[in-house]
Amino acid sequence: MNDKPLIVQSDKTMLLDVHHESAEACRADLVRFCELIKSPEHVHTYALSAISLWNAASSGVNSEYICDRIQFWSRFPVSDSVLYYINDIASRFGKVVLTESDDPMYYKLEVKTDRIRTELMSRKNIAKMMIVNGVRSFLIEKYYRGEVKLQLIKLGYPVDDRIVLERGPTVPMQFKKTNSKGEKFVIRPYQVQAGQALLGDLGPGCGYGTIVLPCGSGKTVVGMNIMTQLQTRTLVVTTNVAAVHQWMSEILDKMDLQPDQVGEYTGERKDPREVTVCTYQVLTYRPDKDGPFPHLELLTKGEWGLIIYDEVHMLPAPVFKITAELQAVYRVGLTATLVREDGREDEVFSLVGPKRFDVPWNELQQQGFIAEAYCNEIRVDLPPDLEIPYALANKREKYRLASENPLKLDVVKALVARHPDDFILIIGQYINQLETIAAAFNLPIITGSTPNAKREELYRAFKEGENHILVVSKVANFAIDLPDASVAIQVSGTFGSRSEEAQRLGRILRPKNRSSFFYSVVTRYSNEEEFAANRQKFLAEQGYSYEIEVWAN
Amino acid sequence: MGQLTDYAKEKFKNLLSRYTEDNYFYIARNYLGLIPTPFHKPAITTRLCSFFSQQTIQERIISLLDEMDCTILSLVSVSSSIDAQTCTALLKGKWSYGTLLRRVSNLQERMVLLNDEGKLVFNPLLEERLKSLCSLKPLFGTEQNRQKSTPYCSTEFVRAYISLIEKEKKVVFKDEYALFFPAYNLEQLQLIFTSLTDTLNKLCIIYQQKDRKTSINYTKVHQLLSLNDRQLLCFLVAFDLDERAIKEGVQFTNNLIAILEKIGCCDTSSLKLLLRTLALKAGIRYDSSLIDCLSKWGLITLDELWYANQIEENVGRTTLVVDSDNTISYSGSCCKDDILYRFADICVLDRQTSYKVTPQSFTRGLDNLLVWEQVKTYLEHNSYPSMSISLIKLLQITYERYHQITIYDGIVLTCDDRTARLIENLESIQEHHLQTIAANVYLMRRSTEMLWRQILTSSGVLLPSTIADEQVEVIHREDNFIFTLLLKESTIEPLVVDIMEFSDEKHMDEDPSIANAIEKATLTSSQRQDLEHRYNARMILIEEQIVPQVVNGVIEAGGFDYQGKVGLCRQAVGKQNIALQLQLTDQELVVQALEVAYTPQKEALLKAAVMPTMEVKIIPVSKIFLVRQLRYHLC
């Protein structure tokens with residue numbers, strides 16, 4: 001044992017003691033070939049995976065270097081099985097190479113050994129996409145580029161894709177020196193690093209991937225920074241119309257693009273321009289259940305040089321499929337919480353691209369780039385008259401009863417009173433409950449049925465201080481930027497959704513001159529407590545601990 | 001060379017004086033020359049003692065030792081107590097049986113080894129010098145690789161195992177458990193897991209309840225975990241070996257661990273030799289399943305060679321790191337009183353071990369009689385300041401809730417107001433509610449405890465386990481004897497192996513001056529033959545031993561000397577310390593002569609027990625090419 005910051009586990013995870021004096025230097029090495037799995041307060045967990053090793057290999061980091069770095073930083077001797085894994089997995093990279101072919105309709109796929117050739121040919125789902133072109137050479141239609149890569153990765157053979165991504169039509173764009181309010185605009189160091197990590201030298205293996213940054217840390221700016229690097233036609237896909245408008249407003253505020261260059265493509269307005277912002281909903285809309293998706297062509301036929309998938313963890317299934325076909329385009333996924341309750345994170349990596357940049361939440365908090373937040377779970381009893389109905393209900397009904405516990409209103413009132421000078425969001429799942437709360441305070445409410453214009457108006461009023469409390473349903477979970485909000489009171493949520501909890505916290509993480517407070521109000525002695533515990537997992541892994549308060553009725 | 005102690009001299013004399021007259025005078029005449037009659041045996045013994053106490057004599061004896069001698073001496077040293085026959089039998093894979101038998105007896109003739117009630121011991125006058133020539137290798141292989149850090153059944157493993165089965169309430173192994181034990185390969189993990197289950201079941205440390213759920217006797221677990229890793233392995237192996245020889249099993253394992261630690265690795269035959277030797281030393285039976293047993297618990301690992309696994313005995317646990325997701329991690333081994341595994345769920349057992357504390361894991365701990373104050377103090381004292389504040393608060397709330405209800409023997413339930421409202425108003429529970437004894441105190445139906453527990457739990461009530469001691473008492477009565485005894489015996493200190501791992505190769509250093517002196521000496525042919533025989537047997541150390549006498553008589557006959565061969569066979573009949581080395585046309589045998597008989601055609605037949613199996617054979621003397629008498633047992 002020696003005084004080093006890293007412990008390498010047999011399951012290929014690496015535990016970094018963040019309080020060690022060499023932790024930063026060690027982390028700088030690890031991020032080149034590992035993925036950050038969780039980053040609570042004291043010990044951060046990184047993991048080696050096939051994807052991370054191949055990704056490292058594609059950017060020139062070889063297995064000798066990885067083994068050397070791990071052994072250098074490790075507190076204990078590294079087990080042979082870990083070193084073997086690194087050498088074995090990393091050595092697979094480069095065994096299957098994708099290049100341009102003489103025929104512009106096809107790409108050429110070459111394999112290095114007969115064994116791999118035999119294996120590929122024996123897999124029907126892969127063989128059907130390939131035309132034999134030589135002993136160890138195949139032609140594949142350009143259309144199949146993503147699908148072939150996806151299938152080969154699943155087989156354990158990463159494709160060394162040496163085809164440089166296609167540059168789209170040029171659209172000059174730069175950041176302004178000052179924003180529309182005349183304030184000096186400076187891009188933050190980690191935002192620059194994120195862009196560099198994704199684009200690299202713009203050579204083979206660069207230009208696509210996922211960037212994971214905390215809510216409120218300025219992912220939009222990261223996207224815009226990449227736009228300025230590529231200077232090309234750009235499509236931004238985001239979660240809702242309000243987010244579309246926010247993107248457009250941010251682009252016009254901070255970039256030198258003219259209003260006529262930035263268009264909206266939503267259910268309400270279809271105005272594609274050189275930079276277009278659309279929603280996932282419009283892309284996946286179809287008039288009837290079995291019919292085609294009329295707006296998906298925006299993705300495939302828009303001659304985009306760059307596609308930005310905002311909140312990429314929300315990527316819906318039809319877009320997965322199309323994304324597989326868009327392998328020649330520069331693309332970036334942005335998210336704060338790459339956790340999907342359906343477990344399809346890996347597919348996001350395969351199609352949009354691997355995680356290129358990730359930074360622990362508490363690190364940005366310490367540097368002041370996101371607000372310091374205090375999380376509280378407030379437990380309140382059910383009123384006695386609901387105890388028996390609760391006892392007799394099934395699990396789902398129990399959750400609903402507990403979520404809509406009427407005594408939560410008293411808690412909300414007290415919490416609002418506790419923060420008279422803050423901008424407060426009251427967030428919930430159930431409309432009736434939210435309407436009751438809104439009525440009790442005589443407050444405006446935003447739900448899925450609120451017209452977009454009305455929503456915009458209410459957001460504007462909140463931002464400009466006309467209202468300092470806003471009641472919102474899950475429509476405000478993602479991509480809504482309310483910079484001054486510093487208190488969020490969650491009265492109910494979507495069962496155990498970890499990403500929802502994190503995104504809701506994210507609404508109050510914009511840096512400001514005060515701390516932020518996140519309150520999750522749950523019913524004591526109910527299954528809402530269990531769901532709450534699950535919801536908190538992601539944030540707990542990012543270093544947030546919940547203070548529990550039992551509410552005295 | 002250090003000064004010889006009186007004790008060593010006395011011991012030497014004592015051992016020698018117990019030799020039979022025949023052997024005694026054989027030795028005395030060889031080393032002291034002619035022994036005139038009348039003689040005074042104590043005086044001769046004193047002379048022999050003086051003779052072997054001389055530095056020049058000792059130097060000479062040592063210089064005549066070779067590699068084979070040193071290997072035999074090493075075996076004697078490791079085994080502590082071994083007879084000539086066993087010594088020969090153990091080493092017979094390395095040399096032929098006859099050669100070995102001859103050499104072991106020769107070491108006795110050379111007074112390197114003496115006989116102590118049938119067992120071979122170092123000559124007390126030479127003991128220190130002989131010990132310095134002993135080594136574990138090449139006796140137990142020649143490989144120089146070191147130990148491996150392969151995981152084994154450690155106290156940390158037992159803690160993780162207990163935490164897991166407490167959570168699962170079942171002991172059936174599942175493949176997904178591999179996630180908790182990433183350092184173990186699946187096959188090894190399954191083997192350790194199931195073996196541990198089997199052992200703990202037999203010792204009633206874990207047991208099945210009526211509802212087939214597994215329960216744990218934490219008093220015993222705590223006692224078991226008072227052992228360190230080495231002691232635990234001694235415990236487990238000893239229990240597997242023979243329940244009737246627990247002490248011996250523990251000593252065997254303790255010995256084995258100490259030697260394995262030193263040799264690092266060896267091939268299969270060397271491992272078997274080591275195990276046979278140590279089994280003999282400890283007085284336990286050796287059989288081929290022993291290797292499986294050691295491999296199962298992780299003392300040794302096969303990777304072309306057998307590697308000893310590094311047993312970490314003194315690696316203390318680091319301070320607990322309590323993270324915001326309520327995982328608690330540390331490296332090293334917990335001390336015997338550690339309680340983390342009792343209120344937390346194992347996440348990973350590896351270099352860094354981590355447990356996760358949840359309200360469920362904590363209440364399980366409380367159900368198993370863990371005290372809240374104990375948990376709180378543990379967290380406060382064993383983690384960095386401020387790390388555990390949130391966790392303690394969470395547990396405090398859980399504890400308060402847990403404490404609101406008490407169930408006595410599955411029949412009397414005392415509770416808070418909220419639960420009381422449920423009991424009084426829930427229709428489905430009325431059939432289980434027999435009577436209200438007082439406010440918030442209810443008499444419940446004992447036979448349906450599981451049902452009313454389910455109803456209350458699904459209504460959001462946190463129910464503690466029933467307070468009852470009956471089961472625990474039953475278990476105490478059942479098996480305390482073996483468990484307690486094994487525990488006591490396993491509390492054993494590590495053994496210090498004072499034998500080197502390797503020593504320099506030892507070659508015999510011949511002194512030609514003795515051979516010259518024999519050649520020049522005036523002797524009859526039988527005297528010369530006898531002297532040369534003893535010289536070749538490295539029994540002539542100094543020229544003063546070259547005197548005209550015949551010590552051995554004829555010991556070899558062959559070829560056409562039929563009568564000579566018959567004569568030697570007849571002389572050996574019934575003598576326990578004489579064996580015959582027979583060269584037949586196609587093989588060599590070492591036998592103990594039982595009888596010489598004749599056919600009607602007057603052909604001599606030797607009835608003999610073939611060593612070491614002692615299978616009786618009848619061999620026509622005419623078929624024997626060469627007969628040689630071996631004095632294989634000097635005592």
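**Entry 1: A:S39**

I began with the surroundings of A:S39, leaving aside residues up to four places away in sequence: A:S39 touches A:H44, A:P360, A:W361, A:N362, A:E541, A:Q542 and A:G543. I note at once that the model is predicted. A:S39 sits in the loop between β3 and β4 of chain A. I checked its accessibility: A:S39 is buried, at a relative accessible area of 0%. I then took one C-alpha separation. A:S39 and A:Q542 lie 503 residues apart along the chain, yet their C-alpha atoms are separated by 4.7 Å.

**Entry 2: helix α2 of chain A**

Next I looked at helix α2 of chain A, residues 50–58. How many of its nine residues are buried? I found seven, so I call the helix mostly covered. The buried ones are A:A50, A:S52, A:L53, A:W54, A:N55, A:A56 and A:A57. I asked what covers them. The cover includes the strands β3 (35–38), β4 (43–47) and β16 (355–358) of chain A. It also includes the helices α3 (63–73), α4 (80–92) and α7 (145–155) of chain A. After α2(A) comes A:G60, with a positive phi near 90°.

**Entry 3: domains of chain A**

I listed the domains of chain A: domain 1 (6–92), domain 2 (96–161), domain 3 (189–359) and domain 4 (366–550). I looked up one pair. The C-alpha centres of domain 3 and domain 4 of chain A are 28 Å apart. Their contact takes 25 residues from domain 3 of chain A and 23 residues from domain 4 of chain A.

**Entry 4: two loop residues of chain A**

Is A:D260 buried or exposed? I read a relative accessible area of 54%, so A:D260 is exposed. A:D260 belongs to the loop between α10 (241–254) and β12 (262–265) of chain A. From A:D260 to A:D271 I count eleven residues in sequence and 10.0 Å in space, C-alpha to C-alpha.

A:Q231 is in the loop between α9 (219–230) and β11 (234–238) of chain A. Its relative accessible area is 18%, so A:Q231 is buried. I flagged its phi, near 50°, a positive value in a residue other than glycine. I keep the background in mind: most residues other than glycine have a negative phi.

B:C204 is in the loop between α10 (186–202) and β4 (206–208) of chain B. B:C204 counts as buried, at 13% relative accessibility.

B:K220 lies in helix α11 (residues 218–224) of chain B. Where does the side chain of B:K220 reach? I traced it to the backbone oxygen of B:L203, at 2.8 Å.

**Entry 5: B:R317**

I placed B:R317 in the loop between β8 (305–308) and β9 (321–322) of chain B. Its side chain makes a polar contact of 2.5 Å with the side chain of B:D338. A polar contact of 3.4 Å links the side chains of B:R317 and B:Y378. B:R317 also touches other residues, including B:Y330, B:S331, B:G332, B:S333, B:C334 and B:N382.

**Entry 6: helix pairs of chain B**

I took α12 (residues 229–241) and α13 (residues 246–263) of chain B: they pack at about 130°, with axes 8 Å apart. α12(B) is therefore oblique to α13(B). The crossing is right-handed. Among the residues making the contact are B:L233, B:V237 and B:L241 of α12(B), and B:I246, B:V250 and B:I257 of α13(B).

I then took α1 (residues 6–17) and α3 (residues 41–53) of chain B, whose axes come within 10 Å and cross at roughly 130°. These helices are therefore oblique to each other, and their crossing is right-handed. In α1(B), B:K9, B:F12, B:K13, B:L16 and B:S17 take part. Their partners in α3(B) include B:T45, B:L48, B:C49 and B:F52.

I noted a cis peptide bond between B:T37 and B:P38, with omega about -5°. B:P38 is in the loop between α2 (21–32) and α3 of chain B. The bond from B:K137 to B:P138 is cis as well, with omega near 15°. B:P138 is in the loop between β3 (135–137) and α9 (155–168) of chain B.

Last, I looked up a domain pair of chain B. Domain 4 (406–458) and domain 5 (512–545) are among its domains. Their centres, taken over C-alpha atoms, are separated by 101 Å.

Conventions
Residues numbered from 1 in each chain as written. Chains lettered and ligands numbered in written order. Predicted model: local features only at pLDDT ≥ 70, side-chain atom pairs only at ≥ 80, totals over all residues. Heavy atoms only, no water. Helix = DSSP H or I, 4+ residues; strand = E, 2+ residues; numbered from the N terminus. Polar contact = N/O pair within 3.5 Å; in protein donor to acceptor, adjacent residues only side chain to side chain. Domains from an automatic or database assignment. Axes fitted to C-alpha atoms, helices over the stretch in contact; angles between N-to-C directions. Parallel < 35°, antiparallel > 145°, perpendicular 65-115°, else oblique. Left-handed = near helix turned anticlockwise from the far one by under 90°. Contact = heavy atoms within 4.5 Å. Buried < 20%, exposed > 50% of the residue type's maximum accessible area, 1.4 Å probe, protein only.
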